[in-house]
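Let's take a friendly walk through a protein sheet, strand by strand. Have the picture at hand and follow along.

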Amino acid sequence: MVEFKIFNKVDKLYIGRSFIINTLALLFVCPSLIGILFKNININTTFAATFGIIACLLVLSGIFIKLFVQFKYEKLKGYFEGTIEFHENKIKVDKIEYEIEKIKKIEIYAGDYKGKWKPTGKTEYDNALSNGVGNVLRIIMENENETITIYFEQNVKNEIKIAEKQLVNYYKEGKIRWLHLIDILAINDYDEIQQFKSNIR
């Protein structure tokens with residue numbers, strides 16, 4: 001049996017550092033632009049210039065902050081509760097067990113891991129290291145109206161490989177496609193694929 005921590009996402013508005021800096025910069029730059037573009041509008045020049053300077057300082061402070069937050073973990077937008085347990089003949093999600101023979105298809109997307117650097121845009125100033133909770137297990141039951149989607153944590157890259165024995169068994173039971181299996185296990189080299197295929201026969 002292999003287990004991973006379940007992450008429950010919380011769908012709510014998250015006002016991050018990027019939103020605050022960009023919104024304030026926009027609010028301050030607008031009067032300055034109006035003063036420059038529409039000179040016939042009676043806007044104090046000093047007032048407009050001051051707002052423009054403040055907007056520039058906000059952007060510069062954002063760039064300065066960005067240099068430091070590149071190596072900090074992003075804010076968790078949810079909470080941990082329960083575990084996924086991979087058994088050879090079942091998958092247990094928290095306290096609910098799903099027998100393999102009752103499952104039609106299993107999909108796993110495990111490209112996220114704790115400490116993975118996430119590229120950010122030029123106007124994004126939030127923390128750039130992932131918490132490793134963007135991984136997905138999707139269980140499609142024989143009754144196609146029921147699909148279970150769970151997010152889970154990986155502490156290191158390709159940690160899902162510790163469940164190789166269970167995943168291979170799911171493949172043999174026809175619950176995971178071959179190409180999807182080698183993708184989950186990050187087996188990309190042709191020779192490695194052939195060796196792996198030979199080993200699981």
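This report looks at the sheet, its strand pairs and one histidine.

What you see here is a predicted model. Its sheet is open and has seven strands, in the order S4-S3-S2-S1-S9-S8-S5, with antiparallel pairing. Which strands stand at the edges? They are S4 (96-99) and S5 (103-109); each has a single partner strand, so one side of each is left without a neighbour in the sheet. On average, neighbouring strands of the sheet are turned by 30° against each other, ignoring direction.

What holds such an arrangement together? Strands of a sheet pair through backbone hydrogen bonds, and the pairing can be parallel or antiparallel.

Start with strand S1, residues 2-9, which runs antiparallel to S2 and is joined to it by seven bridges.

Moving on, strand S3 (residues 90-93) is antiparallel to S4, and four bridges join them. Lys90 has Glu99 of S4 opposite it. S3 and S4 also form a hairpin, with two residues between them. Look for Asp94 in that turn: its phi is positive, about 60°.

## S8 and S9

Elsewhere in the sheet, strand S8 covers residues 135-141 and strand S9 covers residues 147-152. These two pair in the antiparallel sense over six bridges. To spot one of the pairings, find Ile139, which has Ile148 in S9 as its bridge partner.

## A closer look at His87

Now go back to the loop between strand S2 (78-86) and S3, where His87 lies. Is His87 buried or exposed? The relative accessible area of His87 is 18%. Buried means under 20%, so this residue counts as buried.

Which residues does His87 touch, leaving aside those up to four places away in sequence? They are Met1, Lys92, Gln166 and Tyr170. Glu85 has its own link to the histidine: a polar contact of 2.9 Å joins the side chains of His87 and Glu85.

Definitions and conventions: Residues are numbered from 1 along each chain as its sequence is written. This is a predicted model: local features need pLDDT of at least 70, side-chain atom pairs count only at pLDDT 80 or more; totals for chains, interfaces and linings use all residues. Side-chain values use heavy atoms; hydrogens and water are left out. Two strands pair if DSSP finds at least two bridges between them. Axes are lines fitted to C-alpha atoms, for helices over the stretch in contact, and angles run from 0 to 180 degrees between N-to-C directions. Buried means under 20% relative accessible area, exposed over 50%, partly exposed in between (1.4 Å probe, protein chains only). A polar contact is a pair of N or O atoms within 3.5 Å; within protein, one must be able to donate a hydrogen and the other to accept it, and residues adjacent in sequence count only if both atoms are side-chain atoms. Contact means heavy atoms within 4.5 Å.
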